[in-house]
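Please read this report alongside the sequence and the structure.

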Amino acid sequence: MDIRIFNNTEEIAAAASEIIISKVKSCPDAILGLATGASPVATYKKLIAAYEAGVISFKDVKTFNLDEYCSIPATDKNSYYTFMHENLFNFIDVLEENVHVPNGNPENAEEYCAAYDESIKNAGGIDIQVLGIGRNGHIGFNEPSDAFTAGTYKVKLTESTIEANKIYFESENDVPREAITMGVQSITNAKEIILIAEGKAKAQAIHDMIKGEVSPSCPASILQKHNNVHIFIDKDAASLL
Ligand code: F6R
């Protein structure tokens with residue numbers, strides 16, 4: 001694991017975006033795996049700046065997002081589809097047809113999820129996967145459990161995740177209870193992974209991911225087994241290492 005501890009968001013975003021920018025430069029049709037949430041926002045801003053400066057183009061890039069809430073439409077202000085457009089896609093030249101955010105309300109979830117994994121595979125697999133980490137060690141919406149998950153699937157969110165997501169919704173009842181998420185196996189199939197985390201609230205998860213045993217009780221701990229992972233964190237998130 002390439003573990004780097006930075007002073008602030010800006011430094012993390014500079015390091016993370018540098019890896020993505022150099023990949024897109026050398027491989028203009030790169031496949032990017034993307035995450036929502038607070039952690040990658042500053043990195044996405046740097047990608048937008050690089051696009052605006054003419055350093056890179058996303059016109060041949062394909063993107064696959066990790067997850068999407070069920071029970072709200074893609075057009076909802078809290079959907080991950082909306083999040084990605086508001087924080088990245090609307091400001092770069094990626095083609096809408098090359099953007100993939102899971103459909104949170106598929107008719108047949110099982111078939112849809114298998115097809116999502118298949119489309120990642122058919123695109124050639126994810127070159128770089130951007131990840132955040134939940135306070136409970138989740139990646140994507142893979143919550144602590146008894147077994148590592150495989151492909152994309154429909155998941156029931158835990159109370160701690162619902163609690164963490166509450167800030168984005170008007171009332172607790174509006175917070176979706178289920179999501180479509182790439183499974184741990186689909187995530188770790190990526191050729192390279194950048195996990196970003198900041199703040200004391202993530203310190204225990206970061207500790208368990210890096211120093212704990214590889215166990216589905218901390219889904220992110222599987223990254224110990226991946227041979228090309230960057231962990232970019234601030235001092236607070238690193239405080240228990
Ligand atoms: C988002 C995702 C989640 C977040 C994690 C951290 O697509 O899959 O696993 O990465 O919950 O969220 P933030 O970055 O908001 O702390």
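## A loop residue with a positive phi

Ser 71 sits in the loop between β4 and α3, where helices (H or I, at least four residues) and strands (E, at least two) are DSSP runs numbered from the N terminus. The phi angle of Ser 71 is near 75°, a positive value in a residue other than glycine. Ser 71 is exposed, with a relative accessible area of 56%; here buried means under 20% relative accessible area, exposed means over 50%, and partly exposed lies in between, with a 1.4 Å probe and protein chains only.

## How the model is read

This is a predicted model, in which local features need pLDDT of at least 70 and side-chain atom pairs count only at pLDDT 80 or more, while totals for chains, interfaces and linings use all residues. Residues are numbered from 1 along each chain as its sequence is written, and side-chain values use heavy atoms, with hydrogens and water left out.

## Helices α2 and α3

Two packed helices are described by the angle between their axes and the distance between the axes. For helix α2 (residues 41-52) and helix α3 (residues 80-87), the axes come within 10 Å and cross at roughly 45°; axes are lines fitted to C-alpha atoms, for helices over the stretch in contact, and angles run from 0 to 180 degrees between N-to-C directions. On the α2 side the contact (heavy atoms within 4.5 Å) is made by Val 41, Tyr 44 and Ile 48, and on the α3 side by Phe 83, Met 84 and Asn 87. By class, five of the residues in this contact are nonpolar, one is polar and none is charged; Ala, Val, Leu, Ile, Met, Phe, Trp, Tyr, Cys and Pro count as nonpolar, Asp, Glu, Lys and Arg as charged, and the others, Gly among them, as polar.

Helix α3 is mostly covered, with six of its eight residues buried. The buried residues of α3 are Tyr 80, Thr 82, Phe 83, Met 84, His 85 and Asn 87, and what covers them includes α2 together with the strands β2 (31-34), β3 (62-65), β4 (67-69) and β5 (99-100).

Thr 36 is placed in the loop between β2 and α2 and is buried, with a relative accessible area of 12%. Not counting residues up to four places away in sequence, Thr 36 touches Tyr 80, Phe 83 and Met 84, as well as Asn 65 and Asp 67.

Phe 89 lies in the loop between α3 and β5, and it too is buried, at a relative accessible area of 5%. Beyond residues up to four places away in sequence, Phe 89 touches Leu 34, Thr 63, Asn 65, Met 84, Val 94, Val 99 and Val 101. Its C-alpha atom is separated by 12 Å from that of Leu 32, which is 57 residues away along the chain.

Ala 16 belongs to helix α1 (residues 9-26) and is buried, with a relative accessible area of 1%. Leaving aside neighbours within four places in sequence, Ala 16 is in contact with Thr 43, Ile 194, Ile 196 and Phe 232.

Asp 117 lies in helix α4 (residues 109-123) and touches Gly 151, Thr 152 and Ser 186, residues up to four places away in sequence not being counted. A polar atom of the side chain of Asp 117 lies 2.7 Å from the backbone nitrogen of Thr 152. This is a polar contact, a pair of N or O atoms within 3.5 Å; within protein, one must be able to donate a hydrogen and the other to accept it, and residues adjacent in sequence count only if both atoms are side-chain atoms.

His 226 is found in the loop between α7 (203-211) and β10 (229-234) and counts as buried, at 13% relative accessibility. The side chain of His 226 reaches the backbone oxygen of Ala 190 at 2.6 Å.

The ligand is surrounded by 13 residues, of which the closest are Ser 39, Asp 67, His 138, Gly 140 and Lys 202; a residue counts as near if one of its heavy atoms lies within 4 Å. A polar side-chain atom of Ser 39 is 2.5 Å from an oxygen atom of the ligand, and for Lys 202 the corresponding separation is 2.6 Å. An N or O atom in the side chain of His 138 lies 2.7 Å from an oxygen atom of the ligand.
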